[in-house]
Amino acid sequence: MTHLKGKLIAIIATDGFEELELTEPQKKLTEQGTTVHIISEKPEIRSWTKKEWGSFYEVDYLFSEVNGSNYDALVIPGGVINADKLRRNTDAIDFIKQFDKKNKLIAAICHGPQLLIEADIVKGISMTSHRALKTDMINAGAEYIDKGVFKFWHFITAQGISDIPKFIEEIVNELN
């Protein structure tokens, strides 16, 4: 299938990203005809899978080399380590804010919404995340929705790995 041909998708991650939460959206969106770029703070990142370090992945671009205005959507995989590292990276947070300012699709799964909190863009937004972030989201002004996948405005959020198929389906629907 190539019905999303011409769409450009950014996935941001760093060491400790939840492997399936990056690789499955990347694979399925590519199959739909999109071009997907992995963007990070360094040229190679390592995944986290099943309670241990996983594979290494080459990054397409560094944050310093890209502009959010060139992309149609942003995907943020989870992983506790990934979210904790990226929320301290001002380039990553600025990149997220570029999408929000233009009301472009931002899709975050598991601990990925922690970056949306850090970007200060969740106030008044209804969204979900890994249940461990519920209090953080509420304290940041979001309305926490205890649902596997939830779409609100230009945000799609999901709770975790078991929600990946529906998460991807919602991204594809929104990009159509």
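Reader: Let's start with K166. Is K166 buried, exposed or partly exposed?
Author: K166 is partly exposed, with a relative accessible area of 39%. Keep in mind that this is a predicted model.

Reader: Which residue does K166 form a salt bridge with?
Author: With E169. The closest N and O atoms are 3.8 Å apart.

Reader: And how exposed is E169?
Author: E169 has 40% relative accessibility, so E169 counts as partly exposed.

Reader: OK, what about α6 as a whole? How many residues does it have?
Author: Helix α6 has 12 residues, 164-175. Its first and last C-alpha atoms are 16 Å apart, close to the 16 Å expected.

Reader: Which residues of α6 are buried?
Author: I164, F167, I168, E170, I171, V172 and L175.

Reader: What covers them?
Author: The cover includes helix α1 and several strands, among them β1, β7 and β8. Strands β11 and β12 are also part of it.

Reader: How does α6 run relative to β8?
Author: At about 180° to β8. α6 lies across β1, β7, β8, β11 and β12.

Reader: What about helix α3? Which strands does it lie across?
Author: Helix α3, residues 90-101, lies across β1, β3, β7, β8 and β12. It runs at about 135° to β7.

Reader: Switching to the sheet. What is the order of its strands?
Author: The order is β6-β3-β1-β7-β8-β12-β11. These seven strands form an open sheet with mixed pairing.

Reader: Which strands stand at the edges?
Author: β6 and β11. Each has a single partner strand, so one side of each is left without a neighbour in the sheet.

Reader: How do β1 and β7 run, parallel or antiparallel?
Author: β1 and β7 run parallel, joined by three bridges. I9 has A73 in β7 as its bridge partner.

Reader: And β1 with β3, how many bridges?
Author: Five, in the parallel sense. A10 stands opposite H37 in β3.

Reader: What about β3 with β6?
Author: β3 and β6 pair over two bridges, again in the parallel sense. I39 stands opposite Y61 in β6.

Reader: How many residues of β3 are buried?
Author: Five of its six residues are buried, so β3 is mostly covered.

Reader: New topic. Where is T34?
Author: T34 is in the loop between α1 and β3.

Reader: Buried or exposed?
Author: T34 counts as buried, at 6% relative accessibility.

Reader: What does its side chain reach?
Author: The side chain of T34 reaches the backbone oxygen of L29 at 2.7 Å. Leaving out residues up to four places away in sequence, T34 touches L4, K7, I9 and L29.

Reader: Which residues of α1 are buried?
Author: In α1, E19, E21, L22, T23, P25 and L29 are buried.

Reader: What comes after α1?
Author: G33 follows α1, and its phi is positive, near 105°.

Reader: Back to charges. How many salt bridges does the structure hold?
Author: Nine. One of them joins R87 and D84, with the closest N and O atoms 2.9 Å apart.

Reader: How exposed are R87 and D84?
Author: R87 is partly exposed, with a relative accessible area of 30%. D84 is partly exposed too, at 29%.

Reader: What does R131 form a salt bridge with?
Author: With D146, the closest N and O atoms being 3.2 Å apart. The pair links distant parts of the chain, 15 residues apart. R131 is in the loop between β9 and α5, and D146 is in the loop between β10 and β11.

Reader: Are those two buried or exposed?
Author: Both R131 and D146 are exposed.

Conventions: Residues numbered from 1 in each chain as written. Predicted model: local features only at pLDDT ≥ 70, side-chain atom pairs only at ≥ 80, totals over all residues. Heavy atoms only, no water. Helix = DSSP H or I, 4+ residues; strand = E, 2+ residues; numbered from the N terminus. Expected span 1.5 Å × (residues − 1). Buried < 20%, exposed > 50% of the residue type's maximum accessible area, 1.4 Å probe, protein only. Contact = heavy atoms within 4.5 Å. Pairing = 2+ DSSP bridges. Axes fitted to C-alpha atoms, helices over the stretch in contact; angles between N-to-C directions. Salt bridge = Lys/Arg side-chain N within 4 Å of Asp/Glu carboxyl O. Polar contact = N/O pair within 3.5 Å; in protein donor to acceptor, adjacent residues only side chain to side chain.
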